[in-house]
Amino acid sequence: MKVVNQLKMEFLSLPANVAFARVAVAAFASQLDFTLNDLEEIKVAVSEAVANAIIHGYENSPTGIVKVHVSLLETGIEIRVEDNGRGIADIKKALEPAYSTDPERMGLGFVFMQSFMDRLHVDSSPARGTRVTMFKNINNRGAAAASQGGH
Amino acid sequence: MELDLEIRQDTLIVRPQGELDLGVADLLRHTLEDSLNKYNVRHLVLNLSRVTFIDSSCLGVILGRYKRLAREGGKVSLVGLQPHVHRICELSGLFQVMGEYSTEEEAIARAG
């Protein structure tokens with residue numbers, strides 16, 4: 001897949017950076033032909049991934065580094081969110097809806113990422129960190145390609 | 001996030017403004033808890049008409065307040081959700097335990 005553009009950013013694990021990250025990624029993503037609704041969905045997915053890195057990865061410590069790597073491809077956007085925090089012991093369990101280690105949270109982070117992105121992959125090992133990779137297709141491009149195929 | 005509060009009989013009406021995410025979750029939680037502790041109210045109406053973004057951090061705060069009020073037979077109602085916020089609330093299953101209304105008056109009338 002041809003890479004059209006790339007963005008790499010690193011920031012401290014501060015709650016205020018959740019808004020920064022989603023706005024930056026959405027602004028970058030708007031270089032592709034996404035709908036406004038797609039961009040809203042990307043914002044939620046980024047918000048959840050970065051919030052997870054801060055809350056779970058770094059356990060709310062503000063001194064961790066969150067890395068976000070975005071690739072714009074001809075077919076869509078790939079977003080990678082990485083931390084070097086605590087890691088997830090049981091990824092399968094973490095991906096279950098309503099699973100949360102905190103009663104005040106709803107365990108919806110991964111549910112939203114899965115709902116709003118077309119692919120989600122989680123790599124994690126305890127004490128080494130977590131990497132969430134998400135991909136979202138450009139839908140109208142897919143529709144155009146399909147109609148071309150019909151001729 | 002800016003926020004204003006109003007007490008009407010046994011209902012606390014809260015009108016936050018802006019984006020509700022992890023950055024404001026603690027502030028929202030503390031503000032709601034302080035108000036619920038201070039005023040003798042039974043129900044909570046959240047007017048989200050000026051909220052342009054919400055994620056699971058603040059949905060968790062709302063659900064937490066629901067759990068608190070539901071123990072005493074109180075209700076939490078949501079008012080004026082923008083389409084994208086509506087969709088997030090729907091996906092989260094929040095509407096299974098709280099009603100959505102177009103006006104505060106309607107929410108108050110239904111909760112009573």
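Reply: Happy to; what follows is a set of questions and answers about this predicted model.

Me: What makes up the secondary structure of chain A, and what pattern does chain A follow along the sequence?

Reply: Chain A has five helices and five strands.

Me: In what order do the strands of chain A form their open sheet?

Reply: The five strands lie in the order 1-2-3-5-4, with antiparallel pairing. Strand 1 (3–12) and strand 4 (119–125) of chain A are at the edges with a single partner strand each, so one side of each has no neighbour in the sheet. On average, neighbouring strands are turned by 10° against each other, direction ignored.

Me: How do you know that strand 3 and strand 5 of chain A pair?

Reply: Pairing asks for at least two bridges between two strands. Strand 3 (residues 76–83) and strand 5 (residues 129–137) of chain A have eight bridges, in the antiparallel sense, so by that cut-off they pair. As an example, A:I79 has A:M134 in strand 5 of chain A as its bridge partner.

Me: Which residues of helix 4 of chain B are called buried?

Reply: In helix 4 (residues 104–111) of chain B, the buried ones are B:E104, B:A107 and B:A111. The word applies because a buried residue has 20 or more other C-beta atoms within 10 Å of its own.

Me: Why are the buried residues of helix 4 of chain B said to line one face?

Reply: Looking down the axis of helix 4 of chain B, they fall within an arc of 60°, so they line one face of the helix. They pack against strand 2 (11–20), strand 3 (43–47), strand 5 (76–79) and strand 6 (99–101) of chain B. The face turned away from that buried side carries the exposed residues B:E105 and B:A109.

Me: How many residues does each chain give to the contact?

Reply: Chain A gives 18 residues and chain B gives 16 residues. On the side of chain A, helix 2 provides the largest share, seven residues. By class, that side of chain A has 10 nonpolar, three polar and five charged residues.

Me: What is the mean pLDDT of chain A, and where is the pLDDT below 50?

Reply: The mean pLDDT of chain A is 89, with 86% of its residues at 70 or more. Over residues 141–151 of chain A, however, the pLDDT is below 50, and this stretch has three contacts in the model beyond near neighbours in sequence. Where pLDDT is low, predicted coordinates should not be read in detail.

How values were computed. Residues numbered from 1 in each chain as written. Chains lettered and ligands numbered in written order. Predicted model: local features only at pLDDT ≥ 70, side-chain atom pairs only at ≥ 80, totals over all residues. Buried ≥ 20, exposed ≤ 12 C-beta atoms within 10 Å, placed from the backbone. Helix = DSSP H or I, 4+ residues; strand = E, 2+ residues; numbered from the N terminus. Arc of directions from axis to C-beta. Contact = placed C-beta atoms within 7 Å. Nonpolar A, V, L, I, M, F, W, Y, C, P; charged D, E, K, R; others polar. pLDDT = per-residue confidence, 0-100. Axes fitted to C-alpha atoms, helices over the stretch in contact; angles between N-to-C directions.
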